[in-house]
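Please read this report with the sequence and the structure side by side. It goes from the whole chain to single residues.

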Amino acid sequence: MLLMQRQRMEMKIEIRNTLDGSHTLYFEELDEHYHSTYGAIQESQHVFIQSGLEQCDSDSLNVLEIGFGTGLNCYQTLLSGLKTGRKIHYYTLEKFPLEKEIWEKLNFEDLAERSGSKMFTSLHEATWDDDIEIHPNFLLHKIKADILQFQTGSLPMVDLIYFDAFSPDKQPELWDRPIFEVLFNRMRENGILVTYCAKGIVRRTLQSVGFTVERIPGPPGKREMIRARKVKNLG
């Protein structure tokens, strides 16, 4: 989940349990959770892995996450890649990385099939602004930057985008047309963007920049979510 892009405030963050046993974080200043209280892991798995990653056909992917946050989506993607053997180059933008004293207490690794592997720790300890090999098939490139100011031209064309900003009610500037235009132009044909949000205004904005948008069933606790594709214009 992407943090505030405005001036950094005193961050009061607390760890909370969700209904599937995994942790989320509660950010007091925004009155927002990083992940669904119905289940952080199952939300990440449904929205980003099943509805996004598993819909991509290529054996080699460039993935871009808007908001590294807890690292859960990145971790889930790594675990999926280890199962399938596909090669993933994972880029993620985050202006305000979590402090170690917070992320090291999260229980995602304890609940994973590869418990004890310390790969979740490796994701957080990876240096910023460089390609870091987490696994021979998984390169991580964390970028400490504000998406509102970052020049995406330095990125390669991407196949899949995880859009995981806080809700439009809390961070409306991150859901405006200019952001989605930049992302659309950075995607390969048939690229996919997934987000937990299903608001009509977000769907219409995505359509206005050229995406083909579908509303699909959401994770537990949420009726719908959005999946958008950059489909070749045959006209």
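The sections below describe a predicted model, beginning with the chain as a whole.

## The chain as a whole

The chain has 7 helices and 11 strands. Its radius of gyration is 16 Å, close to the 18 Å that the globule rule gives for 235 residues, so the chain is as compact as a globular protein of that length. Along the principal axes, the C-alpha atoms fill a box of roughly 50 × 40 × 35 Å.

Of the 235 residues, 56% count as buried. Among contacts with a separation of 6 or more, 67% are between residues 24 or more positions apart.

## Surface and charge

The accessible surface of the chain is about 10,800 Å². Carbon and sulfur atoms account for 44% of that surface.

The chain carries 28 positive and 34 negative charges. The mean position of the positive charges and that of the negative charges are 5 Å apart.

## Helix α1 and His46

Helix α1 covers residues 40-50 and is mostly covered, with 8 of its 11 residues buried. The buried residues of α1 are Ala40, Ile41, Glu43, Ser44, His46, Val47, Phe48 and Ile49.

His46 is found in this helix. Is His46 buried or exposed? His46 has a relative accessibility of 18%, and the cut-off for a buried residue is under 20%, so His46 counts as buried. Not counting residues up to four places away in sequence, His46 touches Ser51, Pro217, Gly218, Pro219 and Met225.

## Salt bridges between strands

How many salt bridges does a search of the whole structure find? The search finds 8. One of them joins the side chains of Asp159 and Arg188, with 2.9 Å from N to O. Asp159 lies in strand β8 (residues 158-163) and Arg188 lies in strand β9 (residues 187-195), so this pair ties together parts that are 29 residues apart in sequence. Asp159 is buried, with a relative accessible area of 11%, whereas Arg188 counts as partly exposed at 36% relative accessibility.

The side chains of Glu214 and Arg229 also meet in a salt bridge, at 3.7 Å from N to O. This pair links distant parts of the chain, with Glu214 in strand β10 (residues 212-217) and Arg229 in strand β11 (residues 224-229), 15 residues apart. Glu214 counts as partly exposed at 30% relative accessibility, and Arg229 counts as partly exposed at 25%. Salt bridges that share partners join Glu214, Arg227 and Arg229 into one network.

Glu181 forms a salt bridge with Arg177, and the closest N and O atoms are 2.7 Å apart. Both residues lie in helix α6 (residues 177-185), 4 residues apart, which is about one turn of the helix. An α-helix has 3.6 residues a turn, so residues three or four places apart point the same way.

Glu181 is partly exposed, with a relative accessible area of 31%. Arg177 also counts as partly exposed, at 37% relative accessibility.

## Two buried loop residues

Leu98 is in the loop between β5 (87-93) and α3 (100-103). Leu98 is buried, with a relative accessible area of 10%. Which residues is Leu98 in contact with, leaving aside its neighbours within four places in sequence? They are Ile13, Leu25, Tyr34, Gly69, Thr70 and Trp103. Leu98 and Phe68 are 30 residues apart along the chain, and their C-alpha atoms are separated by 9.2 Å.

Cys56 is in the loop between α1 and β4 (60-66). Cys56 is buried, with a relative accessible area of 11%. Leaving aside neighbours within four places in sequence, Cys56 is in contact with Leu61, Arg86, Asp159, Leu160 and Ile192. One of these contacts, Asp159, is the residue that forms a salt bridge with Arg188. Cys56 and Lys100 are 44 residues apart in sequence, and the distance between them is 33 Å, C-alpha to C-alpha.

Conventions
Residues are numbered from 1 along each chain as its sequence is written. This is a predicted model: local features need pLDDT of at least 70, side-chain atom pairs count only at pLDDT 80 or more; totals for chains, interfaces and linings use all residues. Side-chain values use heavy atoms; hydrogens and water are left out. Buried means under 20% relative accessible area, exposed over 50%, partly exposed in between (1.4 Å probe, protein chains only). A salt bridge is a side-chain nitrogen of Lys or Arg within 4 Å of a carboxyl oxygen of Asp or Glu. The radius of gyration is taken over C-alpha atoms; the globule rule is 2.2 Å times the number of residues to the power 0.38. Contact means heavy atoms within 4.5 Å. Accessible areas come from the Shrake-Rupley method with a 1.4 Å probe; for residues, only the protein chains shown count as cover. Lys and Arg count as positive and Asp and Glu as negative; His and the chain ends are not counted. The place of a charge is taken as NZ of Lys, CZ of Arg, CG of Asp or CD of Glu.
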